[in-house]
Amino acid sequence: YGENTPTITTSTHAHGDINYVVRVSNEREQSLCVSYDTIKVGLRTQPMPNFLPTPFTLEGCAPMTLTFNNHSVDADRHLWVFGDGITSELESPTHTYAEGNYTLKYYAISDEGCIDSVVSEGGISVYPTPQAAFSWDPVYPSVLNPVVTFQNNTVPHSSSNHYFWEIQYNRDNPLSVDTRTDTNAIFDFSQYVSSDEVAGVYGVTLIARTDNLAPSGNYIYCS
């Protein structure tokens, strides 16, 4: 007497209901006893999940919008879990991420109940984009008071931010700029011209930027 339950390996091309016949025999002395049984195995096609994001990199600056172009095979339904509390059942959804690190999960589902998934564990990295802003004092500079202090009001005001000031010093040439990298800037508009030529309209630009080392090894510059 004994019992042996083998593992049945089906063909990769099989589909539908397949009957398997089990033959059980017991030989003792001169007698041979044989019995048969039939089992039905239902084989369904397993979906193969696959997608490509646009843009291809999963690293960027907030807000970062990604489109997930679906290339799955044998998938009738879809479930996207974006990692920020939002889900979608669209085939190829578009989603916008705020600053943070996210795990993306995609489930490809067939109408016959088969499911497979792709998980990008912490694979989406979105870095802060500072909003540059500044004020100045005096609010109304004059020929008699041409020294202006520019106060940086960038949000968020982080010590990791990098700042680039471009201050026009020639009223007749917008390309004539004095560059500074201080957090705040002080500029004397009379230093390049005589006092009787300082009156005019000047452009001032502040660029605020964060430099972020992403998991891929690339630097992501957000401004």
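Reply: Here's a walk that starts with the whole chain, stops at the disulfide, and then moves on to other spots.

A word on what you're looking at: this is a predicted model, in which local features need pLDDT of at least 70 and side-chain atom pairs count only at pLDDT 80 or more, while totals for chains, interfaces and linings use all residues. Residues are numbered from 1 along each chain as its sequence is written, and side-chain values use heavy atoms, with hydrogens and water left out.

Of the 223 residues, 27% are buried. Buried here means under 20% relative accessible area, exposed means over 50%, and partly exposed is in between (1.4 Å probe, protein chains only). The accessible surface is about 14,500 Å², and carbon and sulfur atoms account for 50% of that; such areas come from the Shrake-Rupley method with a 1.4 Å probe, and for residues only the protein chains shown count as cover. As for contacts (heavy atoms within 4.5 Å), take those between residues at least 6 apart in sequence: 52% of them join residues at least 24 apart.

Now to your disulfide. How many disulfides does a search of the whole structure find? It finds one, where a disulfide is a pair of cysteine sulfur atoms within 2.5 Å. The partners are Cys61 and Cys222, and their sulfur atoms sit 2.0 Å apart. This pair ties together distant parts of the chain: Cys61 belongs to strand 4 (residues 59-61), Cys222 belongs to strand 17 (residues 219-222), and 161 residues separate them. The torsion about the S-S bond is about -90 degrees, so the disulfide is left-handed.

Salt bridges are the next stop. The count comes to four, taking a salt bridge as a side-chain nitrogen of Lys or Arg within 4 Å of a carboxyl oxygen of Asp or Glu. One of them joins Arg77 and Asp111, whose closest N and O atoms are 3.8 Å apart. That one also links distant parts of the chain: Arg77 is in strand 6 (residues 77-81), while Asp111 is in the loop between strand 9 (100-109) and strand 10 (115-127), 34 residues away. Arg77 is partly exposed at 44% relative accessibility, and Asp111 is exposed at 58%.

Another salt bridge pairs Asp172 with Arg171, with 4.0 Å between the closest N and O atoms. Asp172 counts as exposed because its relative accessible area is 64%, and Arg171 is partly exposed at 35%.

A further one joins Arg180 to Asp178, the closest N and O atoms being 2.7 Å apart. Asp178 is part of strand 14 (residues 177-180) and counts as buried because its relative accessibility is 12%. The side chains of Asp178 and Arg180 also make a polar contact of 2.7 Å. A polar contact is a pair of N or O atoms within 3.5 Å; within protein, one must be able to donate a hydrogen and the other to accept it, and residues adjacent in sequence count only if both atoms are side-chain atoms. Leaving aside residues up to four places away in sequence, Asp178 touches Trp165, Glu166, Ile167, Tyr169, Phe187 and Tyr192.

Thr154 counts as buried because its relative accessible area is 2%. Its side chain makes a 2.7 Å polar contact with that of Asn152. Beyond four places in sequence, the residues it touches include Pro130, Ala133, Tyr163 and Leu206.

Val21, Leu32, Val34 and Tyr36 make a nonpolar surface patch of about 420 Å². Patches are built from residues with over 30% relative accessible area and no salt bridge: like charges are joined within 9 Å, nonpolar side chains (Val, Leu, Ile, Met, Phe, Trp, Tyr) within 5 Å. Strand 2 (residues 31-43) gives the largest share, three residues. Val34 is in that strand, and it is partly exposed, with a relative accessible area of 36%.

Technical notes:
Helices (H or I, at least four residues) and strands (E, at least two) are DSSP runs, numbered from the N terminus.
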